[in-house]
Amino acid sequence: MKRIISIFLLLTVVLSLLSCFGTSAVSFDCDVKTYSESMYMVNLDSGMAVYEKDADSKRYPASLTKIMTYIIAAEYFDDYDNTRIEIKESIITNLQQSGIACSGLEWHIGDKLTVTDLLYALMVPIGHDSATVLADYITTNSGKDFIDMMNAKAKELGCKGTNFANATGVYNVNHYTTARDMYLITKYAMGLPMFSKICSTATYYLEGDEYPIVTTNYMIDPGRGGDYFYTYATGVKNGTTDEGGRCLVSSAMYDGYAYILVSMQAPYNYEKDITEQYCMIEAGNMFRWAFLNLNFVTQATKETPICEQKVENAWDTDSILLVPESNLNIILPNDYSEADVKIIPDSTDPISAPIEKGDIVNTATVYYKDEPFTQINLIAQEDVSVSFIIYIAELAKSVLTSVWFLVAVSLVIVLFVIYVAVSSSYAKKRKDKKSKRKYK
């Protein structure tokens, strides 16, 4: 019983800490000048966030929306190369009449393009036309069902500040997300077929075209990127609206380290000639900072004792050493000090024997400068057998002092008192009857 209770308490601690980590992260000291209102940077090798700036505020995502559009389409189709979709004139006409830019599909009205071509047309250029064609093909009801699919997927991925109102990213007051949510969406998309390949493509020829569609992400385009081009950039997608400013999800890899950075609402105002790609400038500088200043450190090995936990009901010991389930390799600044990092067990409650070597019996939170950084499992370093006598005694004690036992004893006493009272009353009545017969 006690072991079950201990496991329940441990799970409660874990779940509460996971919810805590979902809304916080370490931001290492960074001297890079930033422009975006919201930013979130994660080391992809470990999943550890290394920098954030107002990451949970709702922002208009512009064409970053198409990362979710890609997810819905990629999971809907089984065969990208042999499934063909007609480019309807009505779709292109409606977009043009609404002032929404097309990205090459206007030259393919009536043609049937493969899903592969449409995914490239979605992610390489602006892609409004491809997003609309895919949404129209996959669902009906003027795209409402597609939007429902997008929002359902966002919820499934754990997004807490996201609501989609269209598949393109055009401005809508009810169309928003956060930098943290956008990371979750992109990280998931990176595991889907062709996503990383498509998002690192600078030029692509649709079937039958003499001229290519070209990327709007200058960080990956050596020919047209100019000063925005960054040699180690590997993707992903950018977008712009008057209301949402410049937005960018970028990724980069160097010397075995990979990072993803979400930047949202960098300055943009065409009428005031504020057209610089500030999010790309800051992304290149942020990647340089990370690659030059952050490294993996083995903070603890599988043999490093983290704490000594009290044990109950054990045969020959009253405590046990706990160690990490695996080596603790974390990203830290080059100039960190040992005092900056603390590993603190999440529970000090006693654990109950029996325990097998390797059992996960606790968790610990890793802090960097008193900020929660990540969490690790702690396992038993040895077997601990149960003392049958102590266990029975403790079990008896817990039973005898439990509320239900006391209630049951009280109930028995009450019933006994009632029984005695009823019996006495019955006996008295019988005695009175005998006395009446005797004197008749």
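**Val-236 and strand β7**

I looked up Val-236 and found it in strand β7. The model is a predicted one. I then checked the peptide bond between Gly-235 and Val-236, which is cis, with omega at about 25°. I noted that most peptide bonds are trans.

**The sheet around β7**

I traced the sheet next. It is open and has five strands in the order β2-β1-β9-β8-β7, with antiparallel pairing. I marked β2 (48-53) and β7 (233-241) as the edge strands, since each pairs on one side only. From one strand to the next I read an average twist of 5°.

I followed β7 to its partner. It pairs with strand β8 (residues 245-254) in the antiparallel sense, over eight bridges. Across from Gly-239 I found Cys-247 in β8. I kept in mind that strands of a sheet pair through backbone hydrogen bonds.

**The cavity**

How many cavities of 30 Å³ or more does a search of the whole structure find? I recorded one. The largest cavity holds about 40 Å³ of space. I listed its lining, which includes Met-123, Ile-198, Cys-199, Thr-215, Ile-220, Val-236, Lys-237 and Asn-238. Which element gives the largest share of that lining? I found that it is β7, with three residues. Both α8 (195-199) and β7 supply at least two lining residues each.

**Aromatic rings**

I counted 17 aromatic pairs. I took one of them, Tyr-254 with Phe-291: the ring centres are 5.5 Å apart and the planes stand at 55°, so the pair is tilted. This pair links distant parts of the chain, with Tyr-254 in strand β8 and Phe-291 in helix α9 (residues 278-293), 37 residues apart.

Tyr-254 is partly exposed because its relative accessibility is 34%, a value between the limits of 20% and 50%. Phe-291 is buried, at 12% relative accessibility.

I then looked at Phe-287 with Phe-291. Their rings form a stacked pair, 6.4 Å centre to centre with 25° between the planes. The two residues are four apart in helix α9, so about one helical turn separates them. Phe-287 counts as buried, with a relative accessibility of 0%. I also noted the cluster that ring pairs make of Tyr-230, Tyr-232, Tyr-254, Tyr-259, Phe-287 and Phe-291.

**Thr-116**

I found Thr-116 in helix α4 (residues 115-123). Is Thr-116 buried or exposed? I noted it as buried, because its relative accessible area is 8% and the cut-off for buried is under 20%. Leaving aside neighbours within four places in sequence, I listed its contacts as Tyr-80, Asp-81, Met-194 and Tyr-204.

**Backbone notes**

Pro-354 sits in the loop between β15 (351-352) and β16 (360-368).

I went on to phi. Most residues other than glycine have a negative phi. I found a positive value at Asp-54, where phi is near 50°. Asp-54 is in the loop between β2 and α2 (65-76), and is partly exposed at 41% relative accessible area. I found another positive phi at Asn-313, near 65°. Asn-313 is in the loop between β11 (307-312) and β12 (319-324). I recorded Asn-313 as buried, with a relative accessible area of 6%.

Technical notes:
Residues are numbered from 1 along each chain as its sequence is written. This is a predicted model: local features need pLDDT of at least 70, side-chain atom pairs count only at pLDDT 80 or more; totals for chains, interfaces and linings use all residues. Side-chain values use heavy atoms; hydrogens and water are left out. Buried means under 20% relative accessible area, exposed over 50%, partly exposed in between (1.4 Å probe, protein chains only). Contact means heavy atoms within 4.5 Å. Two strands pair if DSSP finds at least two bridges between them. Axes are lines fitted to C-alpha atoms, for helices over the stretch in contact, and angles run from 0 to 180 degrees between N-to-C directions. Rings of Phe, Tyr and Trp (its six-membered ring) pair if their centres lie within 6.5 Å; planes under 30 degrees apart count as stacked, over 60 as edge-to-face and the rest as tilted. On a 1 Å grid over the protein atoms alone, a cavity is a set of points where a 1.4 Å probe fits but cannot get out, and a pocket is an open set with protein on both sides within 12 Å along at least five of seven lines; lining residues have an atom within 4 Å of a point. Grid points are joined across faces, edges and corners, and a volume is the space filled by probe spheres set on the points.
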